[in-house]
Amino acid sequence: MATDLSNWSNFISNKQQHSVKPEVLGPTKYPSIKEVWSMAQKEKKTEPLDIKWVVENLFSLKIMERDLGEKASGFLNILDDRWCIFVNKFENERRKRFTIAHELGHFLLHKDKQSIPKDIIFFRDENTDQVEQEANNFASEFLMPEHKIYEYINEGYNTISALADKFCLSTPAVRYRLYKLGLISEY
């Protein structure tokens, strides 16, 4: 099931269960995917979408690259009264991009559901729960919006590998997105 990203503010609550200063909470209305891509394009932050620029400049989150061990790709937490995305510095750039978008998904979709979630570290395994699936779907849709996929296919990026290179993501991530859009029949 795809996450409805047309109005992210539906997922953000002004009531927070943890004691964080109001400036940490950020605005209650966030831009749509098309607005994000448009703003990034004006700043020449697309081709592929500069997820670090987007997260830091449009959502006011800090990105911290750290050694998170072999199993953890990233997590979302508060450091010094500011929301931060921690990402494993030893991951390849394509993995980091997806992880950052995944954690942005947790920020937009889940940060108000519990104080500081204990299970927000994204582990790479097949046993992902609904919250992790939602964050994965969010990241996939955010980094590879449907209109950009069709645009790139029309420009001649018509293989999974070519699209993976264009979006600077892994081929499994692109394959899954194409499957979810019904453009390929098997994942």
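**Exercise 1. Which residue caps the N-terminal end of H8?**

Before we start: this is a predicted model, where local features need pLDDT of at least 70, side-chain atom pairs count only at pLDDT 80 or more, and totals for chains, interfaces and linings use all residues. Residues are numbered from 1 along each chain as its sequence is written, and side-chain values use heavy atoms, leaving out hydrogens and water.

Solution.
- Look for a side-chain oxygen at the start of the helix: one from Ser-170 lies 3.2 Å from the backbone nitrogen of Ala-173.
- Ser-170 is therefore the N-terminal cap of H8, given that a polar contact is a pair of N or O atoms within 3.5 Å, one able to donate a hydrogen and the other to accept it, where residues adjacent in sequence count only if both atoms are side-chain atoms.
- After H8 comes Gly-182, with a positive phi near 80°.

**Exercise 2. Find the buried side of H8 (residues 171-180).**

Solution.
- Buried means under 20% relative accessible area, exposed over 50%, and partly exposed in between (1.4 Å probe, protein chains only).
- Ala-173, Val-174, Arg-177 and Leu-178 are buried.
- These residues lie on the same side of H8 because they cover an arc of only 130° around the axis.
- Their packing partners are helices H4 (93-110), H5 (130-143), H6 (146-154) and H7 (160-167).

**Exercise 3. Describe the setting of Thr-171.**

Solution.
- Thr-171 belongs to helix H8.
- Its relative accessibility is 32%, so Thr-171 counts as partly exposed.
- Leaving aside residues up to four places away in sequence, Thr-171 touches Ile-160, Ser-161 and Ala-164, contact meaning heavy atoms within 4.5 Å.

Notes. Helices (H or I, at least four residues) and strands (E, at least two) are DSSP runs, numbered from the N terminus. The arc is that of the directions from the helix axis to the C-beta atoms.
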